[in-house]
Amino acid sequence: MSLTREGQFEREWGNTPELAKILSEKPSVSDYAFGQVEMTLRHAILLREYEMDILSEAANMDHERREQLRLDLKHEKERLLSWAIHFSDAKEFTEEVVRKLGQLP
């Protein structure tokens, strides 16, 4: 089931109404990044939920497939690390904006 436009707006901006007034209609070139974050988070959640399935499947794989699975998981880990750095930077930037806001007359 798909959300209405209003439902999507409420989900994204519902608890930040003043920020929504300023930013919600601004164009963004980040749609690709949003998709990548969603995909990475989905993979991380699936990995956590289905760890035992992964290990069970791996137990029946030949060495080559198991090695590929190991490389796949390392790739996912690197992608998570990359986004963790981006989120940490974004958190620090947001803290700086909050500090600047507090200095306004």
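Analyst: Glu76 and Arg79 both lie in helix H5, which covers residues 63-103, and the two are 3 residues apart, about one turn of the helix. Helices here are DSSP runs of H or I with at least four residues, strands are runs of E with at least two, and both are numbered from the N terminus. The model is a predicted one, in which local features need pLDDT of at least 70 and side-chain atom pairs count only at pLDDT 80 or more, while totals for chains, interfaces and linings use all residues. Residues are numbered from 1 along each chain as its sequence is written, and side-chain values use heavy atoms, with hydrogens and water left out.

The side chains of Glu76 and Arg79 form a salt bridge at 2.7 Å, N to O; the term requires a side-chain nitrogen of Lys or Arg within 4 Å of a carboxyl oxygen of Asp or Glu. Glu76 counts as buried because its relative accessible area is 16%, and Arg79 is buried at 18%. The cut-offs are under 20% relative accessible area for buried, over 50% for exposed and partly exposed in between, with a 1.4 Å probe and protein chains only.

Helix H5 also holds Arg99 and Glu96, separated by about one helical turn because they are 3 residues apart. Their side chains meet in a salt bridge of 2.3 Å, N to O. Arg99 is partly exposed at 40% relative accessibility, and Glu96 is partly exposed at 29%.

A further pair lies in helix H2: Glu18 and Lys21, again 3 residues apart, about one turn of the helix. The closest N and O atoms of this salt bridge are 3.0 Å apart, and both Glu18 and Lys21 are exposed. By the rule above, the count comes to 6 salt bridges.

Helix H2 spans residues 17-23 and includes Leu19, which is partly exposed because its relative accessibility is 43%.

As for the whole chain, the protein has 5 helices and 0 strands. Of its 105 residues, 10% count as buried, a class that takes in Glu76 and Arg79. The radius of gyration is 20 Å, whereas a compact globule of 105 residues would have one near 13 Å; this quantity is taken over C-alpha atoms, and the globule rule is 2.2 Å times the number of residues to the power 0.38. Along the principal axes, the C-alpha trace spans about 65 × 35 × 25 Å.
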